[in-house]
Amino acid sequence: MFRQCSRSPPSPPSPLLQELSQAIYGYVWVVVAFQYSQSLLDQRRGFKRKQSFFFFLIRPNLYRLDILLRSGFVMAGESQKWILMATARAPTNIAVIKYWGKRDENLILPINDSISITLDPDHLSATTTVAVSPSFEKDRMWLNGKEIPLSGGRYQNCLRELRSRAGDFEDENRGIQIKKEGWNKLHFHIASYNNFPTAAGLASSAAGFACLVFSLAKLMNVKEELGQLSAIARQGSGSACRSLYGGFVKWTMGNEMSGRDSKAVQLANETHWEDLIIIVAVVSSRQKETSSTSGMRESVETSSLIQHRAKVVVPSRILQMEEAIRNRNFSSFARLTCADSNQFHAVCLDTSPPIFYMNDTSHRIINLVERWNRHEETPQVAYTFDAGPNAVLIAPNRKVASSLLQRLLFYFPPGPDNELNSYILGDKTILQEAGIESLNHIEALKPPPEAKDKVPSQRFAGDVSYFICTRSGKGPEVLMEEEHALISSQTGLPKIPI
């Protein structure tokens with residue numbers, strides 16, 4: 001989990017090392033003064049007098065050294081510039097019963113429970129490396145290669161909570177000792193990378209803050225269970241608490257004003273309903289115009305529908321969704337998922353001014369699924385949209401997922417500049433099961449049976465940027481291999497050029 005860099009080129013000693021050097025230097029003069037005083041003291045003054053004089057001289061330096069030792073760490077020498085690092089990966093999640101609206105903005109306490117599916121981290125995840133060193137002068141963070149400020153309250157809340165729970169760390173072989181209280185004196189370098197679009201309605205902040213909290217907890221030897229870590233991640237991004245677990249996860253809103261009981265619990269792990277296949281249609285990777293934070297605030301302040309949803313509709317849906325997941329009842333699961341997504345966006349439209357997260361392509365995808373479900377007289381696919389235009393489509397098995405992919409590619413073929421290999425990402429074996437091996441196969445696709453007769457089927461080439469085929473996945477994990485680290489063990493800076 002931890003790595004040590006080789007020695008760096010000579011650099012000015014840190015303030016703490018300077019103070020330690022001054023304390024030792026003071027000790028030398030104390031010894032000299034004491035020896036000199038012994039030769040001058042009269043034997044009649046006695047040992048007690050000499051002892052008092054000695055401690056009178058040594059006490060200021062003894063106090064200074066004691067403060068340094070209690071401050072948390074000891075360095076073996078000025079040339080030893082160590083760096084400790086931990087790297088982790090955390091998944092994103094997609095809510096099937098939505099979280100929308102806070103009762104406490106600072107602690108990020110929701111007005112209703114929510115339920116989500118954790119997505120396979122191989123396809124949608126954040127990777128974060130955290131590093132600590134006495135040579136770091138301040139906390140710094142880089143997201144996708146670009147440095148961002150860490151002065152925001154959400155980052156500071158997470159750092160404060162983790163520092164207060166940190167444990168002792170010692171490596172005798174390397175001469176490194178960090179006491180619990182010493183973490184408050186050290187600074188961190190953090191580098192994070194998302195393998196999917198940021199701030200486009202795919203819960204990138206959920207993966208990011210979950211990964212930040214998980215990796216820092218590993219680095220700082222925090223002993224809290226995942227439930228308590230989820231309560232810390234929640235203070236960075238509400239949905240992040242659900243990314244601390246794999247499979248199906250419930251975020252309980254809690255009742256305590258402190259927020260201690262507002263945390264995530266796992267309803268079922270990722271192997272519980274393995275047949276489910278998830279296809280994400282990335283309609284737009286651009287950052288959304290209205291952030292989730294401001295959108296929620298405006299909805300709580302202006303929407304008359306949101307309180308009815310939180311107090312009446314969601315509590316009933318939570319119980320029904322838990323039962324559907326427990327029994328792997330896809331028909332019930334699909335109806336609840338679609339209904340809750342639609343009501344969430346109805347709340348956004350009921351907000352003043354109205355919030356438009358979906359676009360025309362989003363609506364066409366909904367129509368595609370609704371026509372198919374009605375034609376089969378039972379739900380074939382569930383759809384859900386978070387705060388953005390990108391669709392998350394859930395199929396009960398690979399056979400239906402193949403049929404879904406055929407329909408999506410018929411209506412939304414790649415644009416002229418797209419390659420099939422870059423248009424379908426994630427689990428590409430579904431392409432083979434759908435009988436699609438080239439762009440020519442997409443061109444040859446026929447309209448689905450539910451398409452209206454005698455009405456030419458319009459195709460919308462280029463309206464979808466790409467598709468990601470995935471499934472339910474596991475929670476965060478530590479990445480031990482050096483190749484996964486985003487920060488150089490030599491410099492303490494990101495490997496990616498800034």
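Begin by selecting strand β15 (residues 277-282) together with strand β17 (residues 391-395): the two pair in the antiparallel sense over 5 bridges. Strands count as paired if DSSP finds at least two bridges between them. Within this pair, I278 stands opposite I394 in β17. Helices (H or I, at least four residues) and strands (E, at least two) are DSSP runs, numbered from the N terminus.

The model is predicted, with local features requiring pLDDT of at least 70 and side-chain atom pairs pLDDT 80 or more, while totals for chains, interfaces and linings use all residues. Residues are numbered from 1 along each chain as its sequence is written, and side-chain values use heavy atoms, with hydrogens and water left out.

Angles run from 0 to 180 degrees between N-to-C directions, and axes are lines fitted to C-alpha atoms, for helices over the stretch in contact.

Now select strand β13 (residues 248-251). F248 and K250 point one way, V249 and W251 the other, and all are buried (under 20% relative accessible area, 1.4 Å probe, protein chains only). β13 pairs with strand β6 (residues 114-118) in the antiparallel sense over 4 bridges, and S116 stands opposite V249. Another 4 bridges join β13 to strand β14 (residues 264-268), also antiparallel; there V249 stands opposite Q266.

Move on to helix α3 (residues 153-165) and helix α4 (residues 204-219), which pack at an angle of about 25° with axes 10 Å apart. That angle makes α3 roughly parallel to α4 (under 35 degrees). Which residues of α3 and α4 meet? R154, Y155, C158, L159 and L162 in α3 meet F209, L212, V213, L216 and A217 in α4, contact meaning heavy atoms within 4.5 Å.

Finally, display the entire chain, which has 13 helices and 20 strands. Buried residues make up 53% of its 498 residues.

Notes
Parallel < 35°, antiparallel > 145°, perpendicular 65-115°, else oblique. Buried < 20%, exposed > 50% of the residue type's maximum accessible area, 1.4 Å probe, protein only.
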